[in-house]
Amino acid sequence: MRRFGGPRMKFGILQFPGSCDEIDALHAARRVADAELLWHGDSDLKGADAIVVPGGFSYGDYLRAGAIARFSPVMESVIEFANAGGPVLGICNGFQVLCEARLLPGALLPNANLRFTFRQVALDVVDGETAFTSACVKGARLSIPAKHSWGRYYANEDTLARMRARGQVVLRYARGENFNGSSDDIAGVRNERGNVFGLMPHPEHAVDELSGSTDGLCLFASMRRTVEDRAACA
Amino acid sequence: MLIRPKAGILDPQGEAVQRALPALGFEGVSHVHVGRMVELDVPDTSQLEPMCEKLLANPLVEDYEIVLADS
């Protein structure tokens, strides 16, 4: 499936001690492009065109989820990559890591119900024109599983107002689906520049009919489109 | 270092503890908050604040307090 005659774009999937969803993320990315695992202790991103920070319990979630992973050698490179405009997707623990790294606004706190919750959730696509949702349809409803105990998105009122004004809220839990108590029903946010995106639900677990939904694929397909469009313009 | 949730941010752990106390006969308890404590020896106490800001606390959602004890 080469386009523009160039090599296929490549996803780099980070792997920390305690990651547990990196293999699913690898398989999901390989449905649309090439993908390779990147070990946390190695700062080399191996020429990846896009980065996925996957779910799990990096460094045992010690101190706070994502707090220690944020200082790993690979994350120092990811921060540089993101600051240079490279696309970075954080899923669940990866979202926590990106918030801890201040690549995304806000923080994730324990679920309001204090329970680990694993369920399929409905998400509304607030913006279908971002680097991460251009292959989705604005207003579409995605069915994607969520599984976490530390997923209550929080940002203070000033930050939330600024995020809304700048269109940084990309995904919201559909009405009645906000089980973790996130501010403003926020499920997925992007940075101001639009090249870093994080969400608590797991698109990599929704790429095969066997698991009930393929709605997660559009996020990976959007990232591929972003990279290829940029290559075509360069 | 004492680290606790910032005032005004929902603290479901504190609320759960507050609800449990009356069941044991401890009436009238309010404003329960659950945080964490980090204990350490340090050669230079001026390191403590940047340590809290960078790693031990998340200043977006947590307040911290530094308590010095004589060794």
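**Figure 1. Contacts along chain A.** Among contacts in chain A (heavy atoms within 4.5 Å) between residues at least 6 apart in sequence, 72% join residues at least 24 apart. This is a predicted model, in which local features need pLDDT of at least 70 and side-chain atom pairs count only at pLDDT 80 or more, while totals for chains, interfaces and linings use all residues. Residues are numbered from 1 along each chain as its sequence is written, chains are lettered from A and ligands numbered from 1 in the order in which they are written, and side-chain values use heavy atoms, with hydrogens and water left out.

**Figure 2. The fold of chain A.** Five helices and eleven strands are found in chain A; these are DSSP runs, with helices (H or I) of at least four residues and strands (E) of at least two, numbered from the N terminus. Chain A has a radius of gyration of 16 Å, close to the 17 Å that the globule rule gives for 234 residues, so it is as compact as a globular protein of that length. The radius is taken over C-alpha atoms, and the rule is 2.2 Å times the number of residues to the power 0.38. Of the 234 residues, 58% count as buried, meaning under 20% relative accessible area with a 1.4 Å probe, protein chains only.

**Figure 3. Met223(A) and its neighbours.** Met223(A) sits in helix H5 of chain A, residues 217-233. Its relative accessible area is 0%, so Met223(A) is buried. Residues touched by Met223(A), leaving aside those up to four places away in sequence, include Met9(A), Phe11(A), Pro87(A) and Phe132(A). Phe11(A) is 212 residues from Met223(A) in sequence, yet their C-alpha atoms are 9.2 Å apart in space.

**Figure 4. The interface of chains A and B.** Here 16 residues of chain A are in contact with 15 residues of chain B.

**Figure 5. Chain B.** Two helices and three strands make up the listed elements of chain B, in the order β-α-β-α-β along the sequence. The radius of gyration of chain B is 15 Å, whereas a compact globule of 71 residues would have one near 11 Å. Of these 71 residues, 21% are buried.

Key
Buried < 20%, exposed > 50% of the residue type's maximum accessible area, 1.4 Å probe, protein only.
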